[in-house]
Amino acid sequence: MRQWMVAAVALALAGCGSGRLEDRLVACPQLSLPADAADLTRYRPGAPPDLSTLVLDARITAVDGNCRRGRRDRSVDATVSVRMRVDRGPAATTRTAELPWFIAVVEGDNVLSRQGFVLPVTFAPNTTRAELATPSIEIAFPVREGRRIQDLRILVGFRLSPEELALNRRRGPQ
């Protein structure tokens, strides 16, 4: 009876992806969401920042990622997607908005690459909140001697103006 259970567990595990354990244990760069880049609050230009002049308030609610072996084991391929929630403020004049965000690959204090994106948002009639996700972004990390994939970080956040960044730093994460 015990041998039958061991065989059943082995068959169940064999159905989970590749048969090689090392294919399931691929190292991945650390995903980071800096607290001062996780929120985007916009007010009507030239107006004092208060609730009546709020155009939108957005936050990154999750960063999802995974890694797998690349072709011929020459790279590690990462997939990253970001989930956001955005609230339309009373000063918004349209039902659409654009959320500027970025992905950066960092080693220590050095930014190796950075790419900006814009996620369009359309609020449904009679709604003030939208929850959305970015398309999956693929990043290939070449495998070579002298660089460990674990030494790299993937940073994700909103692209902010100096004033928006200062606001986030003053009030802290929401």
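I take contact to mean heavy atoms within 4.5 Å.

**Ground rules.** I am working on a predicted model, where local features need pLDDT of at least 70, side-chain atom pairs count only at pLDDT 80 or more, and totals for chains, interfaces and linings use all residues. Residues are numbered from 1 along each chain as its sequence is written, and side-chain values use heavy atoms, with hydrogens and water left out.

**Entry: Glu-164.** I looked up its contacts, skipping neighbours within four places in sequence, and found Leu-40, Thr-41, Arg-42 and Arg-159. Glu-164 sits in helix α3, residues 162-171. Helices (H or I, at least four residues) and strands (E, at least two) are DSSP runs, numbered from the N terminus. Is Glu-164 buried or exposed? It counts as buried because its relative accessibility is 11%. Buried means under 20% relative accessible area, exposed over 50%, and partly exposed in between (1.4 Å probe, protein chains only).

**Entry: Thr-79.** I found Thr-79 in strand β4. Its relative accessibility is 13%, so Thr-79 is buried. I then checked polar contacts (a pair of N or O atoms within 3.5 Å; within protein, one must be able to donate a hydrogen and the other to accept it, and residues adjacent in sequence count only if both atoms are side-chain atoms). The Thr-79 side chain has one with the side chain of Arg-68, at 3.3 Å. It has another with the side chain of Glu-138, at 3.1 Å.

**Entry: largest pocket.** A pocket is an open set of points on a 1 Å grid over the protein atoms alone, where a 1.4 Å probe fits, with protein on both sides within 12 Å along at least five of seven lines; lining residues have an atom within 4 Å of a point. I read about 360 Å³ for the largest pocket. A volume is the space filled by probe spheres set on the points, which are joined across faces, edges and corners. Its lining has 20 residues, with Val-76, Phe-141, Pro-142, Val-143 and Ile-149 nearest the centre. β4 (75-88), β6 (110-122) and β8 (137-142) each give two or more. β8 gives the largest share, four residues.

**Entry: second largest pocket.** I noted a volume of about 170 Å³. It is lined by 14 residues, and Pro-34, Ala-37, Phe-102, Arg-114 and Phe-158 are closest to its centre. β5 gives the most, three residues.
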